[in-house]
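Here's a quick briefing for anyone opening this structure for the first time. Have a look at the model, then read on.

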Amino acid sequence: MECDKCGRDAVMHAGYSGAHLCEEHFRASVEKRVRRRIRRDGLVPQDASPGDPERWVIGLSGGKDSVVLAQILDETFGRDPRIELVALTIHEGIEGYRDESVDACVELAAELDLRHELVSYEEEFGVRMDDVVEDDPEGMAPCAYCGVFRRDLLETYAAEFDADILLTGHNLDDEAQTALMNVLEGDVKQMAKHFDASLGPFDERTDDAGFVPRAKPLRDVPEKEVALYAQLRELPAHITECPHASEAFRGEIQELLLKLEENHPGTRHSIVSGYEELASMAADRYRGESTPEMEACDRCGSQTTGDVCRKCRLLESLAAT
Ligand code: SF4
């Protein structure tokens, strides 16, 4: 097949748009979608000055998504005096998996001359995910522990680095999966929170509780295209599945969506755009409704609705094994 734009050999065909693109035009198309999303979400500050730049912290795991995000952000804003980029990598303590992806992060950060910070569960909490999986005091899936610990570190360090935005590499498939999961679980409040946390107009997002606002600039780009972009540009991404991956429901939804997309191209785009509209309505419905008061955790001081936050409860439970 030939590229629709220049007639050279196409490297991809997008079923949802019918486009055939060569390498050069495919790369340009991915970059254009990411930059358009940043513009539409109003991330670029109008009033930031070179003397007082906004700080954007990128969650860099070393997987294809975050590596592509860091690369495009660096090429777009690396020399923009209004924005300072910082990459944050979290080491969960997973043998044969995370060491390689941390290497990928270190290599990319060095290539881009990007400030890179590395934190680990072991240093921060005294636990490694490999041991958590062995002990499993709560009888939960590994990702349930890991998600709580990762969220805590991302929030803690984004705040410590005085970040204005925390950017993550969620792609279109991730977002369509989350949307469908929330709908199938009937979790309307979660939809409202999802909108407030990462979908709403940037200046309307709630950060009353002191959380750093989040952004997902890759959320218009399908996972396969992110992977192809990383491969064509030979970016140092580590592409292996975590040995403890355990989100069974998400896996089922992923398969379902792939099948739907094959038979009905464009399904992921329509799910996400319909979801954003519904989530916005849900956010309006719940906004202003009394929510549990956020207080400082008795143990670590992070924001929580009870006396002790979930992370500290899990750590206490692990310490007792
Ligand atoms: Fe943690 Fe689960 Fe991700 Fe593995 S797949 S790194 S256990 S959240």
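The lining of the second largest pocket splits into six nonpolar, three polar and five charged residues. Here Ala, Val, Leu, Ile, Met, Phe, Trp, Tyr, Cys and Pro count as nonpolar, Asp, Glu, Lys and Arg as charged, and the others, Gly among them, as polar. Keep in mind that this is a predicted model: local features need pLDDT of at least 70, side-chain atom pairs count only at pLDDT 80 or more, and totals for chains, interfaces and linings use all residues. Residues are numbered from 1 along each chain as its sequence is written, and side-chain values use heavy atoms, with hydrogens and water left out.

**The second largest pocket**
- This pocket holds about 270 Å³ of space, the volume being the space filled by probe spheres set on grid points joined across faces, edges and corners.
- A pocket is an open set of points on a 1 Å grid over the protein atoms alone, where a 1.4 Å probe fits, with protein on both sides within 12 Å along at least five of seven lines; lining residues have an atom within 4 Å of a point.
- Of its 14 lining residues, K5, A19, L21, S29 and R33 sit nearest the centre.
- Helix 1 is the top contributor to the lining, giving six residues (helices are DSSP runs of H or I, at least four residues, and strands are runs of E, at least two, numbered from the N terminus).

**Around the ligand**
- You'll find E92, I94, C143, C146, R150, C242, H244 and A245 around the ligand, each with a heavy atom within 4 Å of it.
- By class, that shell has five nonpolar, one polar and two charged residues.

**Helix 9**
- Helix 9 covers residues 223-232, and its buried residues are E225, V226, L228, Y229 and A230 (buried means under 20% relative accessible area, with a 1.4 Å probe and protein chains only).
- Those buried residues pack against strand 1 (12-13), helix 1 (23-40) and helix 2 (64-77), where contact means heavy atoms within 4.5 Å.
- After helix 9 comes E234, with a positive phi near 50°.

- D152, in helix 6 (residues 142-160), is buried at a relative accessible area of 10%.
- Leaving out residues up to four places away in sequence, D152 touches F125, S302 and K311.
- G63 sits in the loop between strand 3 (54-59) and helix 2, and is buried too, at 17% relative accessible area.

Technical notes
Buried < 20%, exposed > 50% of the residue type's maximum accessible area, 1.4 Å probe, protein only.
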